[in-house]
Each structure stands twice: as C-alpha cells, then as structure tokens.
Amino acid sequence: MAASMSISSLLSRSLAAASSSALRRKGRISEVGRVVSRYGTTCAAVENPNIPVKVNHTQLLINGNFVDSASGKTFPTYDPRTGDVIAYVAEGDAEDINRAVSAARKAFDEGPWPKMTAYERSMVLFRFADLIDKHTEELAILETWDNGKTYEQAAKIELPMISRLIRYYAGWADKIHGLTVPADSSHHVQTIHEPIGVAGQIIPWNFPLLMFAWKIGPALACGNAIVLKTAEQTPLSALYAAKLLHEAGLPPGVLNVVSGFGPTAGAALASHMEVDKLAFTGSTQTGKIVLELAAKSNLKPVTLELGGKSPFIVCKDADVDEAVELAHFALFFNQGQCCCAGSRTYVHESVYDEFVEKAKARALKRTVGDPFKAGIEQGPQIDSEQFEKILRYIRSGIESGATLETGGERIGSKGYYIQPTVFSNVKEDMLIAQDEIFGPVQSILKFKDINEVIRRANSTSYGLAAGVFTKDIDTANTVTRALKVGTVWINCYDVFDAAIPFGGYKMSGQGREKGIQSLSNYLQVKAVVTPLKNPAWM
Amino acid sequence: MAARRLSSLISLSSSATAATSLGSFGRFSRWGRGINSFSTPAAIDEPISPSIQIDHTELLINGQFVDAASGKTFPTLDPRTGDVIAHVAEGDAEDVNRAVAAARKAFDEGPWPKLTAYERSRIMFRFADLLEKHTEEVATLETWDNGKPYEQAAKIEIPKVVRMFRYYAGWADKIHGLTVPADGQHHVQTLHEPYGVTGLIIPWNFPLLLYSWKVGPALACGNTAVLKTAEQTPLSALYVSKLFHEAGLPPGVLNVVSGFGPTAGAALASHMDVNKLSFTGSTATGKIVLGLASKSNLKPVTLELGGKSPFIVCKDADVDKAVELAHSALFFNQGQCCCAGSRTLVHESIYDEFVEKAKARALKRVVGDPFQMGIEQGPQIDDEQFKKILKYIRSGIESGATLESGGERLGSRGYYIQPTVFSNVQDDMLIAKDEIFGPVQSISKFKDLDEVIQRANATSYGLAAGVFTQNLETANTLTRALRVGTVWINCYDIFDAAIPFGGFKMSGQGREKGIHGLSSYLQVKAVVTPLKDPAWL
C-alpha cells in the first residue's frame, strides 16, 4: 500500500531552504512568515501542493519485518489540510499486539538487546540519530502531511530535537550506575539497575515523532525491548523512523510498531500479561483507563503524560511585549495542540488592557495556511473531531460571556483550519477556562495580586506546566515554589531540552520523561546483599 | 480500655530485653531450643498476661484522639486465644474525610512543609529517642495484637523502627535537586517537592516496621499523612503516634485511622484530596487500590505486594548454614512475610541431606506463647489466615507432596500451627504457586542452574530471592537472571534502612527504604529561566 505524489516547485524551494538552515531559530521563521500570508487568506489555506515523498511503509513492523495485520484490515490516514486519504495503513489489533509482544519478549529474554554491552547499544542509537539528521526532509514531510503541523516547525525544530534526544539517551546507555550501600552490619550491599523487560508505549498524534523519541530513547538506552502503538491519526512517520533504526543496526524484535486504535490495539497492549512496563501519553481520561487496564492485568508500572490547563502568569513588572509574544507562542504553537499549552493567560490588572490589545494584534498577524508553505505559522487541526470540538468550545466561550477579541471561525471550506482566536474577560467558571481545548484559542484572565493568582492557577485538577513573567526575583521564587506543576518556565516557555524532566503534578500525569529522571521509568532496582567475612572496613 | 497485670515471667524477659537490645536473633533461638518444642500445648493453653494498659483506641485526627463519626467500634483480638484485647474506634469514609482535611490544612497552611528541613529532622530524631525509651511497652503491644514473639519485637523490630526514623530524619536536610546543563541560553534547575497529603495503608504482619517504612520518608520529605492501620493490629501505631506528637509533631501532620479495607481503606485510596498513596498488602488488594486511585484523581501509588520467593541452594553451598537460613527465611514471623523464602529449591546432589536436616530443624522449632522467653514461633494472626494455611497444608498432602513434619494445629486455643515441611514439591502444586503466608516450607529438587533460573522466574511474583553458593560466577549469574527486587546471597532477610526493598512483576511498584524510598514522596519540578549574557554555558 504505497501512496506516491510528485514534487511541486513551491515545496522543493521551501525544502532547500529548510535543509540549509536546520539550526535556525523559530523567531526567524516567524519573521519570514509574517510577510507571506495572514489567517484570513483563504486561498493559502486550501492550496494543496504535491508531496515529494513516497509512503513506503504502511504495514506493521514486527520482529524487524513489515507485515500485514492478522485480520488483513486497514484504516485510512487523512491529510488534515483536505480530509483526503493519504494512505491505507494496516490496522493492528489484539492478535498483532500478541505477535509484537512475543517478538519483543524473545529479543529481551533470549537477546541480543539486553545482552549487548551498553556501549554497543549506544552506538546503534548514535547511528540512528545520524540517520534521522540525514533523512530530516522525508521525515518532516511525512509528519506535516499526516499531522498538519507546519513543515518548517517539523524540519527545523522537531526533527533536530529528536536526533538531539536520541543522542542524549545514547550517551546515558553506558552511564547507568547502581550504588554500593553502607550497611549496619557485616554485609556488602549493592544496587543494580536493570531493564524492566518489554515496554509497551502508546503515543499521541500531536508530536508523533517527538513523542516516539521521548519514549524509545530512554527505553532502548536502558536495554528494554518495545512494542509501540502510534495514534491512528498519525501512523506514518514512526514506521519510517523505525525502519531507519533497523538500518542503524537495531536487532529484530527490539522495537515493534503497531498502528491502530486505542480501544483495540491500545487496550490489548495495556492489558497484556507479558508487557512489563507501560508508558502512555494522551488525554487524562484515556490515561485513567490505561492505568486501570494495567492494574487489572499484571500490575505493570505505568508512566502517564496527560492533559493540562497551564497558567501563563504575566506580573505587573513584566516586559509586556515579550510576554505577549511568548503567551501567543505558548498557546498557538502546534495549532494549540500541546498538552502544556499556556491556555490560561493570567495578566495583572495594571497591564491587562495593553496586553489584551497587543495579544489581539499578534493573533491577527498570525499566518495560517498550507503547512507546507514557507512562512506559515499555523496549519490545520488534526481531524474533524478535534475541529468540531474546538469550534464548540469557542461557541461556549461566547455564550458564557467572554469577550471574543478576534477569530472564532473556521478558515476556508476544506480541511480543518481555525482562526487564531482570543478571548478576554474570561472567568474561572467558564468551560474555556477549565477544559483542555487543544486548539488555537487563547483565554485571557485578569488578576490583582500574587496570592490570588497562585490560588487561581492551582485551582485545577491539572498540574503540567506554568509560565511566569516577572523581573522580580522574589516574585519568581515565590511563584516557582507555590505552583503545583511539573515545569515552571520563567520569562520563557516551551523550552524542551532533552535534559529537562517533563511531567505532571495531580491529574496531569505520573512520572517524568526526558532527563535523568526518565531513566528510572525503564529500570528496575535490584538490591544485592552478601555477608562480609572479616571486612577491612565497614 | 483493657488493662492486665504483670506476670513475673514477662517482667523478667522485659528487663533482659532492655539490657541486650543489640543482641542478634540467633542468640534467642539458641536460648529457645533448650526450653520447649512445638508439640508442648501446655504453654499455649495458659497464656501469659501482658503488663500494659491500652490507653489509645480512638482515631488520631489533627493531634486529638477522637471517636469515629459513626460511634462504631470493632474488637481487636489476641491471636493466642481469639479473645478481645480492646474495642477500637472504627474509621469509615467520614473519618477519612476529617483526617484528610486535617492533613490538607497541615500541608497547605503549614507548619509542616514550611518548617525547615532541619526542624523536621529534629522532631523525627526526638521521636526515635522516645520510641527507643518506650521499646518495652511498644513491643508488648505489638506481640499482644499480632502474636509475634516478644523477643523478636523488642530486640529486632523496634530497634529497626528507631533506626529507620533516624535514617530518614538524616535525609530530611539532604534532599537535593539538580542544576541541569542546557542546550541554549537557559538556566535550568529541578526542585524536589513534597507531594502533599499522602495516604498510607499498612498490613498486620509488621505493623510498626511498615509504619516506619512509610511514615519515615513521607514526613522527612515534608508531606503530611493519613495512615490506615490493619484491622487486625491497630494498637501499636496509635501508641507510637502519640509519642510522635510528644516529640513535637504539629497536629494534623500524621493522622491515624483504624478500620477496614473496603470502608476506610477504599475511602483513602479514592480520596480526591490525597496526592499520593502507598500500600503494602496482598496483590489482589493492591490491584483494587490502584484501580481506585486511577478512577479518582490519578494519585501515584507505591505498592509492596505478595511474593513466592525462591531460596536456591546450589550444590556447593554450606548445607548446614543453608538449612538454618532457609528455615528462618520461611518460618520467621510465623511465615507471615511478603518476602518469605517459600520455594526452597535444592540441588539434587545435596537434596536428601538437606530435606533430612530441614525436617530436623523444623521439629526443633520452639512454638508457644510469644511472651515466653526463647519462643521462636507464636500463633498466626487470625482465624481466617489459620484456616487458609491448614487448607493449603491439606492441598499439599492431596497433591502428592511428602509431608516431612508438622501439618496440624497446635493446642486447642488460638491460632498456633506446627512448623510444616513438605518435600518432593512440584511446581504445578498450589503450595508451590500461591502465597501461603504461614509456617509451611516447600522443598523442591533441581538439576542445573539454567533450569532453576527458569523455574524461579516462572511466577507472577518477583519480590526477593535467596542464593546459596560459594561460587562467585554462580552468584553473579543468578543475581542478574532472577527477576526480583532483592537478592540475598548466603544470607536472607537483611533489612537495613539503606537497602531498597520492592518487587518486580506483580510483587509491586516502586521501592521503599534507602535513597529510592525518597522518590516515592517527592514531585520533581523543572524550573527554567533565560540567561542574558552568561559567563559560561
């Protein structure tokens, strides 16, 4: 099943530009973009350049081979720009999960993966990172085609972050130390940190390859074997990347990729008795189901990265222009489809009016259009379900009395484009201030003092991240400790280095990914004790 | 409110205890062997009266002893007789709500997490001193309510509890975050913060020891706690929590609710204002607890659950030592240990000798009133466990295992069971698969190392293992191959505060004790700021 399209002159220009400036910063890209297009330019939105990449891999990847699903069934994956079918992809279900788990089980129990030296494992991952860099264009094209995110974002921000993250964990593979432990009596005590075994990993559609990297990087570095289920909206890029990983020398069975749906393939993986560990990124609601399936089956430990309603707090002494720009970015980045989106913009009353004015102006300037076009800041939402849901929330915002400053409508007549939308005068009891909208809808709220905003910022069941804008170190220190969130960005937002742990307090998740903390998700601790006969020291 | 008079025997044993609290367990077993053997029902049928008044039977909420909201009580029984020791306030959802509200206030408004780490550590050190001073009373309560030998409680467990609180008191001011290297111009740091209100659910087999495993790290990290004790053993936790408050613990920081799992336990696991849960108990209940946590507010859960731990005796092992340690690995605490060495796997070349000696050792095991000096084994905890164990023994006989010794109840009162040894146990027998949680040793034969690794790992449990060998390569091979959280090589049941403990597979999630126990009670917060013109990156 291979869809194939031919290259358009427009896109090939943009690709050449992309590959020569892979290290350019996002700011530069948006500058370029602003002169090209505005969100009201519907012709840009429906334009449909041809895609210069072949979809070669639509089957399941099990035991190093691309295979059809046991049932022979496929499902369509769509282009969010049009709703048209890109390709038909093998639809994995329980039987395919069983096959994938046995392949992973064999690769773990009989080797070679956990029996290779850590150095050998790290070399496979380093080679994989090099291959990602080499194939950035194809991967970024697949990502944009399947997801709708802007090509420049995929090629210049996300793919470089992915190879960076894989190199980060490749470097950890030979640095996983246990401890020797002081004992109260004549015993020699040590801890060894072992791979857990077969890890089940379930990733979402908003950052398909980035989440692929966050999950497989630490799991493989620690010596585990994997069965990964992609989101049904975005199955393509992971299959391509997993193929590259095999080219880099990954033994068959170590990483198996199953495309499919949550209630079938996902549930089978979460419930599987031979899966030793589960990592899930997705909604809080699904996270609860996943955890329960794990609890009911074999009590596999579960890492959860779930939803958020993250506050972005602009204090009275903040640089307003910088705060406006970053608050805009914090919400609208990736079409607003970020679990850590700064989706409650709290602004101090003394700068509130100026802030709202400028936030509105910035949103009006946001360039929305075909994500393959250079300079575009915002593409379509992922699918019609999300699209409808977001428009419903916008209607709810209007009905509940918030002030619609700009946006609020779909763009064009094809695909899932939505105008960058800004609400002011938002109150905590409105749905748009409580629920995770996962779309380009900014909600601005006013506050008077720090204690009040801390209380309001914390009055949610989520606790993923927060932004704080202030020049005052006392304010920064106070807010940093008081906020019940896993990441506090002070005078910045969405800084996602490989070394920075990411994860949620409260119902935003359990455990941390990235950084040194993520290693412990994929390691069991074994204490080993022997008696000491006549020890020279204790 | 029960009060009993001092017997001369127990007062003798108490003063001996105070003088030798650092003596080793082996010493007691040697005293014991000359005194009594397991078939002496006389000592069992005339129980010694403990010399302690039971002052605290209410719930401890916000620093006050209070009745249950319902006014209900339940009896806690003496396992030596089945008689009522005291009637204890029965906590239910409303009491858990009150306790959580108190813990919430102590956390959100302080003072606990707002005290300096040094101040928190000082209170914990003072508590450890007070506990040490009251070792006799506390050990007496523990034995009375649980049935474990008084000498074990007073000379092993309470000193370990004291040690654990000092260990975590010392951690309180050593919880460091990291500064993190960044790829761009950012200053990155991690803060390790208390979760908030922790729910702690402990079992009946080591009431105070597991109290210390949970309360120690939770409080050292700055959390507040609502602790639910097991309905079989509510007394000792109330007593020591009172001491904790005398040591300066602010009200609301530690709340203790006695009660049952399906009521008080479920209310705690489901509570929307509890930020973290730690549970020790059976795997079946652990699954329910995790389900409740996931259905409510997704509070992270640490689980310490069941086990069927292999004890592997290789052909080059010192047989006498292996017999003695395999015996204690299984029979310690009446066999009521989650990490009991309950599958004794012996190499065929020494199997016959091992079985002979294991049987002889079991026959010498001194069973009797746990308040009596030299006693190695007291009664099982209650009628339900007692009957369950006897059912497993019948199942062992019916499935064709060879009953080498024991197999019957002892005496006519209470829940005493003869130390029981089965040989010729096959892996498909129930006694080789299920956690019996009683004094029933199952001995199986193996031929080679690969085979015993495969059989040792062929269980859904993965808590611990014992390995007996003089060969370094055998030790290294087995250490890595066994899918268990603790490997004891030529030893067993070494439980230092610094050694992490927990299970692979369905034996649990997370680790308690040691540096690893801290992370169960800390959230990680990443903090990022931009750097303007940094001197270095």
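Visitor: What makes β6(A) and β20(A) paired strands, and in which sense do they run?

Guide: In this predicted model, nine bridges join β6(A) to β20(A), and the two strands run antiparallel.

Visitor: What makes β20(A) a partner of a strand in chain B?

Guide: Three bridges join β20(A) to β18 of chain B, residues 486-489. The requirement is at least two bridges, so these strands also count as paired. Here the strands run parallel, and A:V528 has B:V487 as its bridge partner.

Visitor: Which strands form the open sheet that contains β20(A), and what is their order?

Guide: The sheet has 10 strands in the order β5(A)-β6(A)-β20(A)-β18(B)-β17(B)-β12(B)-β13(B)-β16(B)-β15(B)-β14(B), with mixed pairing. β5 (180-181) of chain A and β14 (402-405) of chain B are its edges: each has a single partner strand, so one side of each lacks a neighbour in the sheet.

Visitor: Which helices of chain B pack against strands of this sheet?

Guide: Helix α12 of chain B, residues 319-331, lies across β12, β13, β15, β16 and β17 of chain B, at about 135° to β16(B). Helix α13 of chain B, residues 351-364, touches β12, β13, β14, β15 and β16 of that chain, and its direction makes about 170° with that of β16(B).

Visitor: What is the strand order in the open sheet that begins with β14(A)?

Guide: That order is β14(A)-β15(A)-β16(A)-β13(A)-β12(A)-β17(A)-β18(A)-β20(B)-β6(B)-β5(B), again 10 strands with mixed pairing. β14 (403-406) of chain A and β5 (179-180) of chain B stand at the edges, each with a single partner strand, so each has one side without a neighbour in the sheet. Three bridges pair β14(A) with β15(A) in the antiparallel sense, and A:T403 has A:S424 as its bridge partner. Helix α12 of chain A, residues 320-332, lies across β12, β13, β15, β16 and β17 of chain A, at about 135° to β16(A).

Visitor: How do you know that A:R164 and B:D183 form a salt bridge?

Guide: Their closest N and O atoms are 2.5 Å apart. The cut-off is 4 Å, so the pair qualifies as a salt bridge. The count between chain A and chain B is four salt bridges, and there are 32 residue pairs in polar contact between these chains.

Visitor: Which element gives the most to the side of chain A that touches chain B?

Guide: β20(A) does, with eight residues. By class, that side of chain A has 35 nonpolar, 17 polar and 15 charged residues.

Visitor: How many residues are in contact between the two chains, and what area is buried?

Guide: 67 residues of chain A are in contact with 64 residues of chain B. About 5,000 Å² is buried between the chains, and carbon and sulfur atoms give 58% of that area.

How values were computed. Residues are numbered from 1 along each chain as its sequence is written. Chains are lettered from A and ligands numbered from 1 in the order in which they are written. This is a predicted model: local features need pLDDT of at least 70, side-chain atom pairs count only at pLDDT 80 or more; totals for chains, interfaces and linings use all residues. Side-chain values use heavy atoms; hydrogens and water are left out. Contact means heavy atoms within 4.5 Å. Buried area is the accessible area (1.4 Å probe) that two parts lose on being put together, summed over both. A salt bridge is a side-chain nitrogen of Lys or Arg within 4 Å of a carboxyl oxygen of Asp or Glu. A polar contact is a pair of N or O atoms within 3.5 Å; within protein, one must be able to donate a hydrogen and the other to accept it, and residues adjacent in sequence count only if both atoms are side-chain atoms. Helices (H or I, at least four residues) and strands (E, at least two) are DSSP runs, numbered from the N terminus. Ala, Val, Leu, Ile, Met, Phe, Trp, Tyr, Cys and Pro count as nonpolar, Asp, Glu, Lys and Arg as charged, and the others, Gly among them, as polar. Axes are lines fitted to C-alpha atoms, for helices over the stretch in contact, and angles run from 0 to 180 degrees between N-to-C directions.
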